[in-house]
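Visitor: Could you pick a single part of this model and take me through it closely? I'd like the partners and the surroundings too, not just a name.

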Amino acid sequence: MKFYIESLHLWLKTEKRRSVTFLPNKVNVITGESHTGKTAILDIIDYCMFASKHRISESIINENATWYGLRIHVNDKIYTLARRAPKQTITSSDYYFSSVGDVPDSTPTPNISESALKKQFGADFGIDQDVTIPFGGRTLRTGSRVSLRYFLLFNTISQNIITHSDQFFDKQDDQRYQEALPRIFDIAAGIDTIENILKREKRAELERNLARLKKLAAKAQEKRGQFNAQLAETVARAKGYGLLADNTDADASVAALKRVVTNQDRSPDLYVSARYDEISSQIYQISRKIRGLRRFSSEYSNHKATLKDTADSLQPVEYLIKNYDEAIRTSVFDEILKNLSEGLQQIKDATAKKTPLDSNISEIVKALEAQRAKLEEELQTLPADMDSFETDRDRYIFIGETKAKLELYGDPDSESAPDNSELISKLESEIEDLTVPPINERQELFTSALDEAIQDYISLTRDALGNYGEYRSAFNYSEKKLHLRKPRTASTENVGSSSNHMFLHLFLFLGIHELIMRNNGIHVAPFLIIDQFSRPYWGEDDQGEGKGEKDVDQSDVAKVKLALELLNQFITTANTIGKDFQIIVFEHINPRYWNGLKNVHLVEIFRNGNALIPSSWLN
């Protein structure tokens, strides 16, 4: 992405227009006294970029301005964007926009809505209107659209944040921006892409639909189970009363029950059977067979064990055979040895491996057990004793209950319980095909690359960091904070002074922007506004020609120069990799501190009556 601010404009009530011009690929410095409007420039830029509340000073600045505007270069286009000045704390919804960069000489006239302007800039920043917050918080709701303003968190280091020991990003006192930072960081830094986010959202939607269908299928299965349980109990009672034949299967039983409850089959003495006794007898006979086979198998195993013991006792025979020539032989020696050898071999053959008899017995037992289980299941549906209705009234009550149950549970395979197995299979296939690269691996790679980039900055400014000049960069991804780690240790340290914290802020923002540029990021504009990085050394004191510098430690001057060299070098690095970058700095320091730095440009000096609104321009 290409972006830089060419100029800032204030239309005043005196009908004059105040303009401040900046250059691309430069560290643009506005230096001067306090209370001259330097910080107000940052607030005005933020206000023009759709801020819902503002921090523009009412005294001098806002009380004299009617409109604020920017002329900016975005990619290959030049825009002029202006917004009516707020009335005290109330922001304005009036905007002026020129797509060709026309800057009105007189007070602008509103010509575009804020929503249309945001859509235009959103397209330029590559922010799709369909991209939403993936997970909500106290302020941000899940599914709310990503705002262009969230990405501006990467473009400013205000004077309130640059020496902060715990916060590295502006606006973290605002709950909305505090929640937005971790939610858009991956997109902004180029770790993740909008395409992958949309894929994840689609995958999450498919997974929700799949979970819903599986839940419905589980409920249908539960209903089917309830139906079958009620059916089994009702069928058993009907058979007990003689309304159904004992040998009727499940499907036939349902049909028979329906005929009974629809007055098509009402004879109380239709079926009398000894099916219960028949099944009980069959179960008993099968159990006897199983016990006999198991007993035979056990005795056969014992027999083989006995044969093995016998074989062990005949082991000397092998010795005699091997040492035949040395044995003292009688007339019957050879015959006895031969018989013993043949017997030993037969025993070995019998005990060497499993015989077909072992497998056959096992298979027969399994088949008999399966047959017995099936009979026991059928037996549970039959009454042990035949019941009878005491009166016709009891019989009609039972038939009425049966009819109600059939209507209540219905046919589990009917349209009320559709089969979603094909749809479930389709969703599972779509989820499997929708592959999204794992984000954790890319986050780790980004952290490693960021630490490498920052390590180069640490080397450049080693002298300013004192004892920490040899330390290693340790970016904490989850906290979005930069720490320093002692070499060959796994723990980070508190760097202490505000001077070191200032450098850590510069390191982090420059490192993030370098990686964004190298990854051809399109969501974060390549510019950075820094408000008074010399604050740890001089605070709010004015640093004019020879003014106040007698109390400044020369080591602090050296640190300020190193910070300027770091910014100067960053512009060179950006240009070396074929990218443009703009830095705007508000300071109190003397211009001689950046002598020899080719990428540092003095915009204006706000002193001796010159200011954002010069004293001579005021009423």
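Guide: The strands themselves are DSSP runs of E with at least two residues, helices are runs of H or I with at least four residues, and both get their numbers from the N terminus. Bear in mind that this is a predicted model, where local features need pLDDT of at least 70 and side-chain atom pairs count only at pLDDT 80 or more, while totals for chains, interfaces and linings use all residues. Residues are numbered from 1 along each chain as its sequence is written, and side-chain values use heavy atoms, with hydrogens and water left out.

The part I'd pick is strand β1, which covers residues 3–12. Eight of its ten residues are buried (under 20% relative accessible area; exposed is over 50%, partly exposed in between, with a 1.4 Å probe and protein chains only). That is why β1 is largely enclosed by the rest of the structure.

Now for the partners. β1 pairs with β4, residues 65–74, in the antiparallel sense, over nine bridges. To find your way along that pairing, look for F3, whose bridge partner in β4 is V74. β1 also pairs with β2, residues 17–21, again antiparallel, this time over five bridges. On that side, S7 stands opposite T21 of β2.

β1 and β2 together make a hairpin, with four residues between the two strands. Have a look at E15, which is in the loop between them. Its phi is near 70 degrees, a positive value in a residue other than glycine. For context, most residues other than glycine have a negative phi. E15 is also exposed, because its relative accessible area is 69%.

Q88 isn't a glycine either, yet it has a positive phi of about 55 degrees. At 59% relative accessibility, Q88 counts as exposed.

M49 is in the loop between α1 (38–48) and α2 (58–62). Leaving out residues up to four places away in sequence, M49 touches L70, L81, F121, L148, R149 and L152, where contact means heavy atoms within 4.5 Å. A82 is 33 residues from M49 in sequence, but their C-alpha atoms are 9.1 Å apart in space.

Key: Pairing = 2+ DSSP bridges.
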